[in-house]
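Work through the exercises below with the sequence and the coordinates open. Each task is followed by a solution in steps.

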Amino acid sequence: MSQCDSPDLKQRLAPILQKHGRDPTKVLQILREIQDTAHCICGQSIDLIAEHLDLPRVRVAGVAGFYSFLAGGQACGEYRVLFSDNITDHMLGKAELMDYFSKKLWLEPGKVSEDGLVSVDSTSCTGMCDQGPAALVNGMPLTNLDENCLDLICELIRSRKPVSDWPPMLFEVQDNILRKDVLLGEAFEPGAALKATLARGPRETWAEVDKSNLRGRGGAGFKTASKWSFCHAAIAEEEGHVVCDIGDRAERIMVCNADEGEPGTFKDRVLLNSYADLVFEGMTVGARVVGARRGFLYLRGEYAYMLGKLEGVLQQRREKGLLGKNILGEQGFDFDIEIHLGAGAYICGEESALIESLEGKRGRPRNRPPFPVTHGYLGHPTVVDNVETFACAAKIALHGGEWFAAMGTGQSAGTKILSISGDCERRGIYEYPFGTTIRQILQDCGAEDPYAVQVSGPSGTTISWKEFDRMIAFEDLATAGAFMIFKRGRDLFQMARNFSHFFAHESCGFCTPCRVGTTLMQRIMDKIDGGHGTASDLEEMKNLGQLLKTMSHCGLGTSAANPVLDTLNKFPDVYEQKLKALAFEPAFDLDGALATARRITGRDDKEAHLGAES
Ligand SMILES: Cc1cc2nc3c(=O)[nH]c(=O)nc-3n(C[C@H](O)[C@H](O)[C@H](O)COP(=O)(O)O)c2cc1C
Ligand code: SF4
């Protein structure tokens with residue numbers, strides 16, 4: 001019997017419901033915890049949550065059905081094994097290993113074993129591409145998987161040993177920091193940037209961030225000082241203030257975006273694992289500047305295993321007077337940070353979808369304007385910044401804006417942390433000044449006969465070996481951090497196909513061009529892969545790509561066709577060699593689908609076949 005069906009469900013869920021009170025923004029956190037304990041979210045649980053929070057049932061069910069880790073009403077095993085499905089995991093043998101594991105345990109991917117003990121499935125990139133093939137077992141990270149390791153895991157599962165008692169070495173995740181610069185290389189004393197901020201004052205600290213030319217590290221590259229001042233001004237103007245008067249009554253919110261769902265990106269994981277103080281300090285500096293009292297770290301569900309450690313860092317900061325009331329003894333400087341866990345939805349990295357998720361809803365991007373800086377979390381002016389942006393802000397508060405602006409290029413100040421994976425000898429984290437060429441980076445990481453690089457993940461740019469003199473910079477190759485290397489001989493069609501599956505899976509489904517466009521793109525890529533592609537399919541994909549770019553509601557849709565369009569443009573041969581014919585061939589075999597009807601009616605004559613000439 002599934003634990004959901006047990007008669008004492010109400011009693012067993014009571015502690016979870018009580019812990020979160022009657023706050024409707026906690027729906028996702030409640031559902032996550034129920035999923036972890038009951039391995040399923042059944043109708044009865046949804047009823048109980050809806051009743052407890054006084055929410056319409058459909059709202060709770062909608063959230064449960066949206067996030068892939070919640071699995072809606074579908075059960076998963078007591079041991080839930082999710083293999084990371086990024087192309088870099090595939091290049092390291094993911095498909096074969098998942099097959100090996102499934103056969104050993106007599107499992108069918110996507111289904112639960114008869115006894116309810118175990119389920120296995122794929123999941124979008126888990127952010128461990130430097131040490132793949134990777135997987136999660138009940139949220140705990142497994143890296144560098146091979147058959148020996150899977151044998152051990154099978155034994156542990158068969159003997160029903162709780163995951164908490166498994167050998168800790170199974171869950172080791174390395175930082176693999178291989179090049180340090182000003183962010184990663186200097187020791188940081190917690191509190192140092194805050195002391196500098198208090199000494200300088202909020203208005204002057206904002207001026208330093210402005211002078212630094214810091215631009216957001218999450219991808220879009222918006223100027224951080226402008227975002228902070230818009231957020232501050234949203235209330236200051238209403239209240240008749242001009243700039244930076246701390247102590248306004250209305251609330252402002254600082255959010256750190258640690259959703260890091262872009263396949264191939266894992267630098268925020270390392271920043272949070274080993275530089276959390278720097279990140280939290282940057283948030284607190286930002287809070288002082290904009291006048292925020294509440295902060296959230298939106299931590300992707302795949303990094304849930306870091307939750308305890310991060311809570312510990314927050315607690316230490318409270319004890320040192322770096323968070324909480326009257327920070328560092330400054331009357332009225334109150335700020336604290338809460339961690340909110342995601343549940344496996346790439347779209348929640350988009351800032352307005354993230355805010356919806358923080359409010360306990362489905363992660364659906366909002367219409368903009370209004371922008372989050374004026375109307376964000378629960379309608380309050382909200383800053384959403386990337387993890388690395390906050391780390392930079394702390395350093396700027398400490399060393400000043402000119403120091404930062406002196407590094408990098410004209411339009412791209414400072415350094416950029418890259419997550420390097422794929423075909424190279426030394427995969428890991430590299431921090432470079434902006435303006436560094438792709439060629440230099442490839443040389444440093446020991447790339448083997450590189451042929452193409454995917455810069456900034458599937459939503460970024462595929463560059464060919466002819467473009468290796470281009471540089472990492474907002475004015476050339478803007479990047480959120482992913483850097484996946486493909487050597488000569490790698491099938492770039494499979495790379496683009498993998499990314500087309502990713503986008504079709506991650507589309508939130510809200511707008512038709514993206515919902516349908518990503519699915520059609522995936523189907524055509526599969527059709528070509530299956531040996532049925534024709535030249536007209538390539539044309540169809542170009543048209544779909546244009547449609548996605550121009551008609552989608554948010555950045556996921558507008559960038560979803562990038563890998564296909566880039567590879568079609570730069571590597572047309574990888575498609576042409578897979579084409580069957582230059583003429584049209586339908587994606588669906590209608591005649592084949594009528595075979596059962598022919599068998600039932602006992603007909604197999606010419607007229608019973610579609611397309612038969614009479
Ligand atoms: C589909 C999608 C996913 C995104 N994922 C992330 C993410 O994981 N982390 C992030 O910082 N920004 C992500 N962004 C960008 C955010 O919307 C936002 O621009 C960013 O958090 C702002 O922070 P920044 O100014 O520090 O870059 C994503 C955008 C889109 C459209
Ligand atoms: S573009 Fe895609 S992800 Fe964005 S709102 Fe539309 S369906 Fe959702």
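**Exercise 1.** How many residues of domain 2 are in contact with residues of domain 3?

Solution. The model is a predicted one. Start with the bounds: domain 2 covers 79-162 and domain 3 covers 189-405. Next, list the residue pairs between them whose C-beta atoms, placed from the backbone, lie within 7 Å. The list holds 14 residues of domain 2 and 13 residues of domain 3. By class, the domain 2 side of this contact has six nonpolar, seven polar and one charged residues. Finally, take the C-alpha centres of domain 2 and domain 3, which are 35 Å apart.

**Exercise 2.** Describe the largest nonpolar core and the surroundings of one of its residues.

Solution. First count burial: 50% of the 614 residues are buried. In soluble globular proteins, nonpolar side chains tend to be buried together. Here the largest nonpolar core has 169 residues, and V255, V279 and A391 have the most contacts inside it. Now take A391 and set aside its neighbours within four places in sequence; its contacts are then L183, L271, Y275, L278, V279 and G282.

**Exercise 3.** Which residues come nearest to ligand 1, and which element gives the most to its shell?

Solution. The shell around ligand 1 has 23 residues, of which G216, G218, G349, N386 and G555 come nearest. β9 (382-386) and α22 each supply at least two shell residues, and β9 gives the most, with three. Sorting by domain, domain 3 and domain 5 (493-576) each provide at least three residues. Sorting by class gives seven nonpolar, nine polar and seven charged residues.

**Exercise 4.** Repeat the analysis for ligand 2: which residues come nearest?

Solution. Of the 14 residues around ligand 2, the nearest are C508, C511, C514, C554 and G557. The elements that each supply at least two shell residues are α20 (512-529) and α22 (555-559). By class, the shell of ligand 2 has eight nonpolar, five polar and one charged residues.

Terms used
Residues are numbered from 1 along each chain as its sequence is written. Chains are lettered from A and ligands numbered from 1 in the order in which they are written. This is a predicted model: local features need pLDDT of at least 70, side-chain atom pairs count only at pLDDT 80 or more; totals for chains, interfaces and linings use all residues. A residue is near a molecule or strand if its C-beta atom, placed from the backbone, lies within 6 Å of it. Helices (H or I, at least four residues) and strands (E, at least two) are DSSP runs, numbered from the N terminus. Ala, Val, Leu, Ile, Met, Phe, Trp, Tyr, Cys and Pro count as nonpolar, Asp, Glu, Lys and Arg as charged, and the others, Gly among them, as polar. Domain bounds come from an automatic or database domain assignment. A residue is buried if 20 or more other C-beta atoms lie within 10 Å of its own, exposed if 12 or fewer, and partly exposed in between; C-beta atoms are placed from the backbone. A nonpolar core is a set of buried Ala, Val, Leu, Ile, Met, Phe, Trp, Tyr and Cys residues joined through C-beta atoms within 7 Å. Two residues are in contact if their C-beta atoms, placed from the backbone, lie within 7 Å.
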